[in-house]
Amino acid sequence: RRLIMVEANEADSRSETVIFAALMALEEEQNLWQLRSIETIDLTEGLDTYLDHFTIDIDVQVLNHWFSQEFRYIPLGWRARTTFLELDCKANSGESLQLMPLSFRHRYAEWKFWNLVEQSDIMFTENNVPSCVRARVVKTIAKSDTGNELLSGDCKNHTCDHEQTWQAILSHESLGRAYRDLQNREPLILKAQPHYDLSIVKLQERRQLELPRRNLREWLSSEGAGVISARRAATTKVIAPDDLRIHKLERIDLEYSTSDEAEVYGDGTWAHYSRESPGRQQTIAQSQRSGEFLKWIAVFHPRRSHLLVPGVLILVPSIFLWTYWLTAGSWKSLSYAADSIPFGDVAKKPSFAFLAAYFTANIPPLFYRSHERSHLYNSVTRWPCWGLATSMFLTLVFPFLPNIARILNNASSAMFNTEQHRHGILLSCRIFCFSWLFLHLFMFGWALIRSTKRHKRIS
């Protein structure tokens with residue numbers, strides 16, 4: 001009975017090795033069986049996550065050639081070693097495909113690494129690998145210890161030769177890159193029944209949206225960036241949230257140190273990138289690595305009708321009203337810094353009543369509907385909204401600056417409690433208010449100009 005079990009285990013091991021060899025061959029020649037790959041990044045849900053839709057057209061005959069066993073296996077590249085928030089994969093016939101267990105994918109990662117070592121000019125095979133070197137790779141794959149140092153306790157006969165062998169692996173160009181892949185990524189492998197229609201495979205994954213720290217220029221222009229992890233595909237489309245416009249979409253390929261810019265369409269509603277577009281040269285290695293992840297940096301502007309235009313329509317009347325209040329005959333008390341201005345007298349003024357009603361009508365759509373906006377929109381507009389709210393508050397308080405100056409003057413020491421000191425406080429308050437409003441008017445105007453960049457029309 002023990003002999004039968006040993007033979008069964010050896011048979012399973014040989015069968016798994018055949019599967020691993022086929023998977024590696026498919027990964028190295030993806031352009032032979034992936035006829036087309038389309039990546040769609042959907043941000044329309046407005047959450048701090050996005051949906052990654054990946055669709056590939058497959059030459060089923062190639063899969064049938066490599067897998068004559070009971071199942072078909074589909075390698076979809078290597079992903080970052082992060083938790084799956086949500087993953088769903090379906091065949092063209094509608095059946096759900098199975099994600100292979102993590103243990104299987106770890107065994108394949110280890111087998112592929114040692115296979116690459118055997119193919120290199122480092123003279124040893126998987127069968128005579130020092131146990132400390134093997135333990136180092138296994139721990140890295142299992143993510144229990146992803147360092148680069150060998151542990152002598154993992155090998156009874158640990159010698160300096162083992163250290164030299166390991167350093168030779170790390171310093172080797174292709175093997176060092178393969179080991180770094182083991183540290184940071186893991187293979188994504190699907191399993192399907194042979195009767196499934198695999199001519200088209202659709203993968204949907206929910207991923208976390210990264211929001212980098214914004215610099216001063218981005219704050220002033222009311223723009224924000226989102227970093228998106230996506231698979232390398234022949235065609236990529238990014239769809240913006242309803243309340244944002246895509247200003248720029250840049251493709252960053254960290255592995256090959258290249259960058260490229262996508263084309264923005266539909267007034268910033270969506271952006272499109274095709275590696276087959278004229279003028280875009282792809283190396284053979286890049287074109288064959290569909291499914292590998294890269295980074296997209298998307299720069300967004302808020303929709304003009306949601307914040308920028310209302311902001312300008314609030315700031316401009318505020319400045320005109322301040323000027324009117326300082327020059328109109330019925331408001332002369334403001335110019336001469338009267339001791340006290342009753343609130344009732346100000347509230348009766350038609351211009352103040354109009355301003356209060358106008359602000360009241362604009363407060364709900366600007367500030368109380370943030371739950372209806374996307375997470376990215378709230379992040380991009382946080383500072384402009386706070387600045388606009390402060391501008392509205394200063395506008396309503398402006399008629400009472402003489403009162404504030406009088407209170408501050410009375411609170412100061414007797415040495416500074418003079419009429420001249422009170423006028424100085426009032427002048428400083430007015431200069432601050434005007435500077436604040438003009439600064440934010442410039443910010444909103446600049447953002448409005450930048451957001452009117454013309455994009456390509458849909459042909």
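**View 1. A salt bridge between Asp 181 and Arg 185.** In this predicted model, Asp 181 and Arg 185 form a salt bridge, a term for a side-chain nitrogen of Lys or Arg within 4 Å of a carboxyl oxygen of Asp or Glu. The closest N and O atoms of the pair are 3.0 Å apart. Arg 185 counts as buried because its relative accessibility is 15%; buried means under 20% relative accessible area, exposed means over 50%, and partly exposed lies in between, with a 1.4 Å probe and protein chains only. The structure is a predicted model, in which local features need pLDDT of at least 70 and side-chain atom pairs count only at pLDDT 80 or more, while totals for chains, interfaces and linings use all residues. Residues are numbered from 1 along each chain as its sequence is written, and side-chain values use heavy atoms, with hydrogens and water left out.

**View 2. Arg 206 and its salt bridges with Glu 45 and Glu 86****.** Arg 206 forms a salt bridge with Glu 45, and the closest N and O atoms are 2.8 Å apart. Arg 206 belongs to strand β7, whereas Glu 45 sits in the loop between β1 (34–42) and β2, so this pair ties together parts that are 161 residues apart in sequence. Strands (E, at least two residues) and helices (H or I, at least four) are DSSP runs, numbered from the N terminus. Arg 206 also forms a salt bridge with Glu 86, with 3.2 Å between the closest N and O atoms. Glu 86 lies in strand β4, so this second pair ties strand β7 to a part that is 120 residues apart in sequence. Arg 206 is buried, with a relative accessible area of 15%. Glu 45 is partly exposed at 41% relative accessibility, and Glu 86 is partly exposed at 32%.

**View 3. Strand β7 and its pairing with β2 and β4****.** Strand β7 (residues 200–208) pairs with strand β2 (residues 49–58) in the antiparallel sense over nine bridges; two strands pair if DSSP finds at least two bridges between them. Within this pairing, Tyr 50 has Arg 207 of β7 as its bridge partner. Strand β4 (residues 86–91) also runs antiparallel to β7, and six bridges join them. Here the bridge partner of Ala 91 is Val 201 in β7.

**View 4. Helix α5 and the residue that follows.** Helix α5 (residues 131–142) contains 12 residues and reaches 16 Å from its first C-alpha to its last, close to the 16 Å expected at 1.5 Å a residue. The expected span is 1.5 Å times one less than the number of residues. Several residues of α5 are buried, including Cys 132, Val 133, Ala 135 and Arg 136. Just after α5, Lys 143 takes a positive phi of about 65°.

View 5. Trp 446 lies in helix α17 (residues 419–450) and is partly exposed, at 36% relative accessibility.
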